[in-house]
Amino acid sequence: RDQKQKDVTLHVCRAKSCTRRGAAELASGIAGTLAEAGVDAAVVRHDCFDLCKGACNVLAELPGQEPRLYTRLHPRQAASFARSIAEELADEPVLSG
């Protein structure tokens, strides 16, 4: 396996509606919180999911699971969203700080 490969990939939409609603801040917040939680994740910007009314949109690819699409995420939710992903991946809950 390529050492650069990440176990978790989160695709954050970069289209106009998501960008206007704070997708860049959302992506940054998710990446920072996952890093603090010790989750080796790639948070990448993605082309439009065609769900603009539900912006911001994030597609989560977690090990051993089907990809899941999350809609209506706001940058203020970045930390709690990322912690929920980290908790799902861990055997025990991740404490918020």
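Predicted model: local features only at pLDDT ≥ 70, side-chain atom pairs only at ≥ 80, totals over all residues.
**Entry 1: Glu36.** I placed Glu36 in helix α2, which covers residues 23–36. I then checked Glu36 against Ala86: the two lie 50 residues apart along the chain, and their C-alpha atoms are separated by 10.0 Å.

**Entry 2: strand pairing.** I followed strand β1 (residues 8–13) to strand β3 (residues 58–61) and found the two antiparallel, joined by four bridges. Within this pairing, Leu10 has Ala60 of β3 as its bridge partner. I next took β3 to strand β4 (residues 68–70); these also run antiparallel, with three bridges between them. Here Leu59 stands opposite Leu69 of β4. I noted that β3 and β4 form a hairpin, with six residues between the strands. In the turn, Gly64 has a positive phi of about 70°.

**Entry 3: aromatic rings.** I searched for aromatic pairs and the count came to one. The pair is Tyr70 with Phe81, whose ring centres are 4.9 Å apart. I classed the pair as edge-to-face because the ring planes meet at 75°, and the cut-off for that class is over 60 degrees. The pair links distant parts of the chain, since Tyr70 belongs to strand β4 and Phe81 to helix α3 (residues 78–89), 11 residues apart.

Entry 4: Which class does Tyr70 fall into? I recorded Tyr70 as partly exposed, at 23% relative accessibility. For Phe81 I noted a relative accessible area of 6%, which means that Phe81 is buried, the limit being under 20%.

Technical notes. Residues numbered from 1 in each chain as written. Heavy atoms only, no water. Pairing = 2+ DSSP bridges. Phe/Tyr/Trp six-rings, centres within 6.5 Å; stacked < 30°, edge-to-face > 60°. Buried < 20%, exposed > 50% of the residue type's maximum accessible area, 1.4 Å probe, protein only.
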